[in-house]
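The following paragraphs lead a new reader through one model, step by step. Please keep the sequence and the three-dimensional view at hand.

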Amino acid sequence: MDKDPLSDEEIAAKLAALPGWAREGDTITRTFGIRYHGGVAMIVNITDVQRLIGHHADIDLRWDHVRFGITTHDVGHRLTAADFDLAARIDRIAAAHQAQPHNA
């Protein structure tokens, strides 16, 4: 996956294709509503994928939701295509776990 930093225009276009994700500086974030034990199971599935692709999100697990923050650390905490690929993978896994959009 390409790990060159994206321009603001490229980031905006990629965000438009991923409803629910928001930009916070040089990180994209999304929060899913899911009970604690379901969140743990979802995180295990996501971390397996992250290990395989060599790209990882910051994960914050709470009793009723899980928040993901994604940036590419090894290019100076900038947004790259790899971040948006991981976000799409997280969306698919979250859907399989019946996680819901959450307003954190």
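**Strands and a helix**

In this predicted model, strand 1 and strand 2 form a hairpin with two residues between the strands, and Gly25 there adopts a positive phi near 65 degrees. The two strands, of which strand 1 comprises residues 22-24, pair in the antiparallel sense over three bridges. Within this pairing, Ala22 has Thr29 of strand 2 as its bridge partner.

With strand 4 it pairs in the antiparallel sense over six bridges, and Arg30 stands opposite Phe68 of strand 4. Strand 2 also pairs with strand 5 (residues 100-101), again in the antiparallel sense, over two bridges; here Gly33 stands opposite Gln100. Strand 2 is mostly covered, since six of its seven residues are buried.

Attention now turns to helix 2. Gly39, Met42, Ile43, Ile46 and Gln50 are buried in helix 2. These residues cover an arc of only 105 degrees around the axis and therefore lie on the same side of the helix. An α-helix has 3.6 residues a turn, so residues three or four places apart point the same way.

What do the buried residues of helix 2 pack against? Their partners are strand 2 (27-33), strand 3 (58-61), strand 4 (65-70) and helix 3 (81-96). On the face turned away from the buried side, helix 2 carries the exposed residues His37, Arg51 and Leu52. Gly54 follows helix 2 and has a positive phi, near 70 degrees.

Terms used. Residues numbered from 1 in each chain as written. Predicted model: local features only at pLDDT ≥ 70, side-chain atom pairs only at ≥ 80, totals over all residues. Heavy atoms only, no water. Buried < 20%, exposed > 50% of the residue type's maximum accessible area, 1.4 Å probe, protein only. Helix = DSSP H or I, 4+ residues; strand = E, 2+ residues; numbered from the N terminus. Arc of directions from axis to C-beta. Contact = heavy atoms within 4.5 Å. Pairing = 2+ DSSP bridges.
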